[in-house]
Amino acid sequence: MVPWGAVRGKRQLEKNKQLVLEFFRRVFDAQDADALKEFLAPDYRQHVRHMPSGLPAMEAMVRAIFPHGPRDVSATLGSPPDLMIAEGDMVVTAAYRPQPDPDFVDGAFDFFVFDAFKIKDGRIIEHWSSIKKDSPPKPPK
Amino acid sequence: MNQQHAGFRVENGIASIADPILYSTWWEREDYATALTASGNTAAALDKRLIMDFEVALARTVSSGRIEQDIDGVLGKFLAPGYRQHDPAIANGREGLAHWFRTVAVHFPGYPPPPIGLIAEAGLVSVLLSMPPAPHQSLQTLSPQIFICTVFRIHDGRLVEHWGGGKP
């Protein structure tokens, strides 16, 4: 028999994953800086240097990337991660993003982008990423 | 859930390294491995421990300068025969990873980076590694801190699959 605490814990992990998926959809698919406050804690802490810490700076960044947003958004995430892992208050996503091969014209190599999020009180409070500022992955054409 | 240890602190499963010496000693610190692999979920704790043991064994192999002699033994102990690699920088299988250690890891300066967080669910374990702070080449400051995030899949006590963010 599964202990009740484990069931409740499992449900919380699924809620945390859902929060991250909704963050991707409502902010980046929808190109909507105003939606950030529903997902990020005010003192959101960033562990990557190509994105800022804090909610106001993130809002400014999303506005700069999507000056024509927001736009209508589908009910499902456009490019969902291929793999999600949740434990405690952490959620890790890995997304398959093949990259142009430098050695072959029109060739591509397999590439995964990783993000790790820490959740507190229903908001994302910390973020780590595999992306390096000096060699960011190229978006699909 | 906030534990204080000598040179580091673990809060909700994520380590903050206070003493830089830990970057060159973490693989000898059982208290570090124990603190980082704790979990309320028994299966998750076992999977995290397996990955931590693998990272420690690799770090010992690299730091002792015995990659050539020892890497096949370490990989043979931890990896399943059909190990699948999803990292463009590393060829598939146990042989591909052994080749990467013999030809690439052998030239890395410094020490193997410490895992600072292990996140486990249903046979998948994600590892967050922190590169040691290094002086920046041009700025009069430390380089931005770099994290590596990677995922392993475990089956029957062996590593069967890996996703990594390397570039060829």
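**Aromatic rings and a core: a short tour**

Hello everyone. A:Phe23, A:Phe24, A:Phe28, A:Phe39 and A:Phe117 form one aromatic cluster; rings of Phe, Tyr and Trp (its six-membered ring) pair if their centres lie within 6.5 Å, with planes under 30 degrees apart counting as stacked, over 60 as edge-to-face and the rest as tilted.

A word on the source: this is a predicted model, where local features need pLDDT of at least 70, side-chain atom pairs count only at pLDDT 80 or more, and totals for chains, interfaces and linings use all residues. Residues are numbered from 1 along each chain as its sequence is written, chains are lettered from A and ligands numbered from 1 in the order in which they are written, and side-chain values use heavy atoms, leaving out hydrogens and water.

Over all chains there are 11 aromatic pairs. In one of them, A:Phe23 and A:Phe39 are tilted, 6.2 Å centre to centre with 50° between the planes. Both residues are buried, meaning under 20% relative accessible area, with exposed over 50% and partly exposed in between (1.4 Å probe, protein chains only).

Now to chain B. The ring centres of B:Phe54 and B:Phe152 are 5.9 Å apart and the planes stand at 90°, so this pair is edge-to-face. B:Phe54 has 1% relative accessibility, so it counts as buried; B:Phe152, at 5%, is buried too.
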